[in-house]
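Here is a short report for a first look at this structure. Start with the picture, then read on.

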Amino acid sequence: MGYYKCPRCGSTDAFEGTELNNGRKVSVIKCRDCGEILRKKKDYFLTEEEKRFEAEFEAQYARDKEAREKVDEDLVLKIFLIICVVVLLYILIF
Ligand SMILES: [Zn+2]
């Protein structure tokens, strides 16, 4: 798991609490030390392990994508060859 870092006091001790927003209860992440509301986008940090995991996941995704594109290229080439053969046979027969 990553961690939250409070921009106000620098604490990494956060908890999930609820807050009233326009009369509705919403869940928020708050700093346990000063009560600052923390945002997932800017106050959330990944641990080294998570960064590695994410990099590995992206690398794997890129490899899969490449493999899929390769298959597509092969398929296009095969279809092209089949069309060539058909056209050639047509020319030879008639
Ligand atoms: Zn704080």
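Glu48 is exposed, because 7 other C-beta atoms lie within 10 Å of its own. The cut-offs are these: a residue is buried with 20 or more other C-beta atoms within 10 Å of its own, exposed with 12 or fewer, and partly exposed in between, with C-beta atoms placed from the backbone. Glu48 belongs to helix 2, residues 48-93. Glu48 and Tyr4 are 44 residues apart in sequence, and their C-alpha atoms are 14 Å apart in space.

## About the model

This is a predicted model, in which local features need pLDDT of at least 70, side-chain atom pairs count only at pLDDT 80 or more, and totals for chains, interfaces and linings use all residues. Residues are numbered from 1 along each chain as its sequence is written.

## The chain as a whole

The chain has two helices and five strands. Along the sequence they follow the pattern β-β-β-β-α-β-α. The radius of gyration is 28 Å, well over the 12 Å that the globule rule gives for 94 residues, so the chain is more spread out than a compact globule. That radius is taken over C-alpha atoms, and the rule is 2.2 Å times the number of residues to the power 0.38. Helices (H or I, at least four residues) and strands (E, at least two) are DSSP runs, numbered from the N terminus.

The C-alpha trace spans about 85 × 35 × 15 Å along its principal axes. Of the 94 residues, 5% count as buried. Among contacts with a separation of 6 or more, 43% join residues 24 or more positions apart. A contact here is a pair of residues whose C-beta atoms, placed from the backbone, lie within 7 Å.

## Helix 2

Helix 2 has 46 residues. From its first C-alpha to its last, helix 2 reaches 68 Å, close to the 68 Å expected at 1.5 Å a residue. The expected span is 1.5 Å times one less than the number of residues. Helix 2 is hardly covered: the count of buried residues in it is zero.

Three strands form an open, antiparallel sheet in the order 2-3-4. Strand 2 (14-21) and strand 4 (37-38) are the edge strands, each pairing on one side only. Pairing requires at least two bridges found by DSSP between two strands.

Strand 2 and strand 3 (residues 24-31) are joined by eight bridges. Strand 3 and strand 4 pair over two bridges, also antiparallel.

## Two hairpins

The hairpin of strand 2 and strand 3 has two residues between the strands. Asn22 lies in that loop. Asn22 has a positive phi of about 50° although it is not a glycine. Most residues other than glycine have a negative phi. Asn22 counts as exposed, because it has 5 C-beta neighbours inside 10 Å.

Strand 3 and strand 4 form a hairpin with five residues between them. Gly35, in the turn, has a positive phi of about 85°.

## The nonpolar core

Which residues make up the largest nonpolar core? The five are Tyr4, Cys6, Ala14, Cys31 and Leu38. A nonpolar core is a set of buried Ala, Val, Leu, Ile, Met, Phe, Trp, Tyr and Cys residues joined through C-beta atoms within 7 Å.

Leaving aside neighbours within four places in sequence, Leu38 is in contact with Tyr4, Cys6, Ala14, Ile29, Lys30, Cys31 and Asp43.

Notes: Two residues are in contact if their C-beta atoms, placed from the backbone, lie within 7 Å.
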